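Subject: A structure for you to look at

Hello,

Here is the structure I promised to pass on to you. Have a look at it first, and then read on for what was found.

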Amino acid sequence: MAVSYKKLFHLMIDKGITNAELMEKGGFSANIITRLKRDRYVALDSIEKICYVLDCGVDDILEFIPEEKGH
């Protein structure tokens, strides 16, 4: 399954939080933001920090996308 973090970026816009603010308050590097933007794997401890900063649950920032099966 693939992961999409589109919900995270919509939530950040709604709460008026920039990438830089999220990194500073969450205590992680710009590499994590890059991985999120590319819908790549992000460790659970980073997800936990993001949820803490945004005061939300995991389902508020990510969703699993079923991968299409090959023909």
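Before we start, one definition: a residue counts as buried when its relative accessible area is under 20%, as exposed when that value is over 50%, and as partly exposed in between. Please also keep in mind that this is a predicted model.

**The overall layout**

The protein chain has four helices and two strands. Read from the N terminus, these elements follow the order β-α-α-α-α-β. The C-alpha atoms fill a box of roughly 45 × 20 × 15 Å, taken along the principal axes. Of the 71 residues in the chain, 32% are buried. If you take the contacts with a separation of 6 or more, 63% of them join residues 24 or more positions apart.

**Helix α4**

Which residues of α4 are buried? They are Ser46, Ile47, Ile50, Cys51, Val53 and Leu54. Looking down the axis of α4, you will find these buried residues within an arc of 165°, so they line one face of the helix. Leu44, Glu48 and Tyr52 are exposed, on the other side of α4. As for what covers the buried residues of α4, the list includes α1, α2 and α3.

The axes of α2 and α4 come within 9 Å and cross at roughly 110°. That makes α2 roughly perpendicular to α4. On the α2 side, the contact is made by Leu22, Lys25 and Gly26, and on the α4 side by Lys49, Ile50, Val53 and Leu54.

**Helix α3**

In α3, the buried residues are Ile32, Ile33 and Leu36. Seen down the axis of α3, they fall within an arc of 100°, so they too line one face of their helix. Their cover includes α1, α2 and α4.

Asn31 is also found in α3, but Asn31 is partly exposed, with a relative accessible area of 46%.

**The nonpolar core**

The largest nonpolar core has 20 residues, and those that touch the most other members are Tyr5, Leu8, Leu22, Leu36, Ile50, Leu54 and Ile61. The elements that give two or more residues to this core are α1 (6-15), α3 (30-37) and α4 (44-54). Its largest share comes from α4, with five residues.

What does Leu36 touch, leaving out residues up to four places away in sequence? Its partners are Tyr5, Leu8, Phe9, Val42 and Ile50.

A disulfide is a covalent bond between the sulfur atoms of two cysteines.

Most residues other than glycine have a negative phi. With that in mind, look at Asp39, which has a positive phi of about 55° although it is not a glycine. Asp39 follows α3 and sits in the loop between α3 and α4. Is Asp39 buried or partly exposed? With a relative accessibility of 33%, Asp39 counts as partly exposed.

Asp55 also has a positive phi of about 55° and is not a glycine either. At 67% relative accessibility, Asp55 counts as exposed.

Enjoy exploring the model, and write back with any questions.

Best wishes

Definitions and conventions. Residues numbered from 1 in each chain as written. Predicted model: local features only at pLDDT ≥ 70, side-chain atom pairs only at ≥ 80, totals over all residues. Heavy atoms only, no water. Core = buried A, V, L, I, M, F, W, Y, C linked by side-chain atoms within 4.5 Å. Buried < 20%, exposed > 50% of the residue type's maximum accessible area, 1.4 Å probe, protein only. Contact = heavy atoms within 4.5 Å. Arc of directions from axis to C-beta. Axes fitted to C-alpha atoms, helices over the stretch in contact; angles between N-to-C directions. Parallel < 35°, antiparallel > 145°, perpendicular 65-115°, else oblique.
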